[in-house]
Amino acid sequence: MIEECIGRPEVELRRELVQFGRWLSRLGFMPGTSGNLSVRLDQERLLVTPTGMSKYLMRSSDMVIVDLEGRQLAGSRKVTSELSMHLAVYQMRADIEAVVHSHPPIATAFACAGRALDEMLCQEAVMTLGSVPLAQYATTGTDEVAASLRPFIPHHTAILMANHGAVAYGPTLTDAFLKMETVEHLAHIRLVAHQLGSLQTLSGNQLDDLLRAKQKYIRNAT
Ligand SMILES: C[C@H](O)[C@@H](O)[C@@H](O)C(=O)COP(=O)(O)O
């Protein structure tokens, strides 16, 4: 069952940030000290990963609490340098409770080649994320990153970031994690299909059928 973040004990959310940080790190999506995660703690506060730490080695006590304007309220470490990206998502989407930024290698290679993941090649793309757009180049750690993402935040839940990586968000940390995992999966499929030589994109009729199948799948799964 998917649980919302708000209302859950802080200790559990801290543990989840550690767990997903390790998982993303082991998947190779957060090499070195890269990547960051956050969750809504309540209506006014976020629990966010610290800057400059391996997300494999990070502990519950390393998390930082900030308000929705980015003011640090608690935590002995400095908050992620990409806080403005996380804030932009929470400020624009009341339905979002968790944000994951990472550098999955194949998806990041697409972002470095200036390619969005916007062709509907495999059914899973339609059933999950739809198109994943590419936000324009912005220097890491600056407010330019949030500005580059803002046009896409209302209509997407995963976005590639030019020459940088990707961001995904959802109603829970689990959901945001699964979206990030799916971004890399779709990038991998796109790359291999291209290498095989002939991309067979889904037709309009196939897309219509899949969108109906998606509604049915969601109704059945919830
Ligand atoms: C240089 C950083 O790794 C940068 O790429 C940033 O986007 C990132 O992923 C991690 O930054 P923090 O350690 O500040 O969260």
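Predicted model: local features only at pLDDT ≥ 70, side-chain atom pairs only at ≥ 80, totals over all residues.
## Around the ligand

Residues are numbered from 1 along each chain as its sequence is written, and side-chain values use heavy atoms, leaving out hydrogens and water.

Ser-81 uses an N or O atom of its side chain, 2.6 Å from a ligand oxygen. Gly-35 brings a backbone N or O atom to 2.8 Å from an oxygen of the ligand, and a backbone N or O atom of Gly-52 also sits 2.8 Å from a ligand oxygen. Of the 380 Å² of accessible area that the ligand has on its own, the protein covers 79% (Shrake-Rupley method, 1.4 Å probe).

## Inside the protein

The largest nonpolar core has 40 residues, and Leu-24, Leu-37, Val-39, Leu-47, Val-100, Leu-160 and Leu-173 touch the most other members. Such a core is a set of buried Ala, Val, Leu, Ile, Met, Phe, Trp, Tyr and Cys residues joined through side-chain atoms within 4.5 Å, with buried meaning under 20% relative accessible area (1.4 Å probe, protein chains only). Its largest share, 7 residues, comes from α6 (helices are DSSP runs of H or I, at least four residues, numbered from the N terminus).

A second, separate core holds 24 residues, including Val-99, Ala-138, Ile-153 and Ile-159.

Key:
Buried < 20%, exposed > 50% of the residue type's maximum accessible area, 1.4 Å probe, protein only. Helix = DSSP H or I, 4+ residues; strand = E, 2+ residues; numbered from the N terminus. Polar contact = N/O pair within 3.5 Å; in protein donor to acceptor, adjacent residues only side chain to side chain.
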